[in-house]
Amino acid sequence: MGSWLRQKRCYASGKAGLTAYLVLIRIIWNAFWDPCGTFQWTVRKRPPTCLRDPALGKHAYLYGRSSGLRFHYVTKGDNRKPLILFLHGFPENWYSWRYQLVEFSSSYHTVALDLRGCGGSDAPSRLEDYSLENLLYDIRDTIDELGHTSCILVGHDWGGMLAWHFALERPDMVHRLVIMNAPHPASWLDAVLRRPSQLLHSGQVCFFQLPFLPEIALSLEDFKLVRSLLCGGRMGIRNRARRLTEAQLEGYLYYLSQPGALTSSLSYYRSLLSNTLYKHQDVAVTSMLIWGEEDSILVEGMSGGTRPYVRGPVVVHTIPDCSHWVQQDQPETVNKLLWDFLLDRDIPSNHIEDRRFSSASKSDWAMNGDSRDLQQ
């Protein structure tokens, strides 16, 4: 394993160097034709209206007893009801869970947390502050500080990777686990072991290992690359009805534009190649994996690669024509799957069942009415 990790770092360094070269060429080219526009970005002074919408929930803070850091979160619903804790990915914040915060607040205490270094939470400057151990302590402390002993843990992207690990480390604190477009850590490792070229395919992961340049590249032309990630034709939200408006996009750019925010967010990637990240353990918690089929960001085929690492009841749902940003791209579909899972209408078996969410399923959902009807 040690020799392979060294080889992996070599692959990553090579890919990062190649990507950096191409990025520099593009920066120079753009700067030659439009120097003012290329090196222009704006620090947002005031949160946009979408982040202050009271219909989405109440803003609050808690202090992690392990770290002493202050964490921002948005909550909706009765705190005496079971907790659903939502963990976001990059370059997102709590706002990516807006559809789920509202949808499930009638029956659950819903909480969307800003992870350390993201959104309105504290952002320590040292890379070691973003070690896996520290990040998992944050989740444990959050559950405790919210007055619960366990939760339904829902994670997307980086939040999904953390949710996998937390379910491995503290299964007693995870009643049910829902992962969206995030492979089991060992599944990701095995995919790269079988096909090292897959690591080279993960260009952004490698590029983000570099110091300084990724922050510059992401900021150029007022965060054009971030806009492309969320809204672009290849990587962005595919559902026309759910594509981010300029006002909604500002809900992400506001936080990312603050001094040091990009560096703290990228620290998750820069700690990725730590040996502690890869644990070949089986998840025993009842689980559901939701995968947007048109994900162009993560390694292809990761949803199926999870099979050897889940020994508890689990079901995998693939949503066609859906991007990496699954809970924003297809919120009605995602919410329907979540309700079915939580209300035992979609009972996982002791082996993985891979189900493709079809247009017929969507029609059934529309005929059956909204979530309130499901609970009656």
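Colleague: At roughly what angle do the axes of α9 and α10 cross?
Modeller: Happy to start there: this is a predicted model, in which local features need pLDDT of at least 70 and side-chain atom pairs count only at pLDDT 80 or more, while totals for chains, interfaces and linings use all residues. Residues are numbered from 1 along each chain as its sequence is written, and side-chain values use heavy atoms, leaving out hydrogens and water. Helices (H or I, at least four residues) and strands (E, at least two) are DSSP runs numbered from the N terminus, and axes are lines fitted to C-alpha atoms, for helices over the stretch in contact, with angles running from 0 to 180 degrees between N-to-C directions. The axes of α9 and α10 come within 11 Å, and they cross at roughly 130°.

Colleague: Is α9 oblique or roughly parallel to α10?
Modeller: Angles under 35 degrees count as roughly parallel, over 145 as roughly antiparallel, 65 to 115 as roughly perpendicular and the rest as oblique. The crossing is at roughly 130°, which makes α9, relative to α10, oblique.

Colleague: Which residues of α10 make the contact with α9?
Modeller: Contact means heavy atoms within 4.5 Å. From α9 come F223, V226, R227, L230 and C231. Their partners in α10 are E246, L249, E250, Y252, L253 and L256.

Colleague: How many charged residues does the contact of α9 with α10 have?
Modeller: Ala, Val, Leu, Ile, Met, Phe, Trp, Tyr, Cys and Pro count as nonpolar, Asp, Glu, Lys and Arg as charged, and the others, Gly among them, as polar. On that basis the contact of α9 with α10 has eight nonpolar residues and no polar ones. The number of charged residues is three.

Colleague: How many of the residues of α10 are buried?
Modeller: Buried means under 20% relative accessible area, exposed over 50% and partly exposed in between, using a 1.4 Å probe and protein chains only. What covers the buried residues of α10 includes β2 (70–76), α3 (98–104), α9, α11 and α13 (326–329). Helix α10 (residues 246–256) is mostly covered, and of its eleven residues the buried ones number nine.

Colleague: Which residues of α11 does α9 meet?
Modeller: Helix α9 (residues 213–231) and helix α11 (residues 261–270) pack at about 135°, with their axes 10 Å apart. From α9, the residues involved are P214, E215, L218, S219 and F223. In α11 they meet L262, T263, L266 and R270.

Colleague: At roughly what angle do α4 and α5 cross?
Modeller: The axes of α4 and helix α5 (residues 158–169) come within 10 Å, and they cross at roughly 75°. That makes α4 roughly perpendicular to α5. Among the residues in this contact are L132 and I139 of α4 and F166 of α5. So, as the angle that makes α4 roughly perpendicular to α5, the value is roughly 75°.

Colleague: What is the relative accessible area of D138?
Modeller: D138 lies in helix α4 (residues 132–145). Leaving aside its neighbours within four places in sequence, D138 is in contact with S67, F71 and R116. D138 is buried, and its relative accessible area is 4%.

Colleague: Which residue does a cis peptide bond join to F90?
Modeller: Most residues other than glycine have a negative phi, and most peptide bonds are trans. Here the bond is cis, with omega about 0°.

Colleague: What is the phi of N181?
Modeller: N181 is found in the loop between β6 and α6 (185–194). N181 is buried, with a relative accessible area of 0%. Although N181 is not a glycine, its phi is positive, at about 45°.
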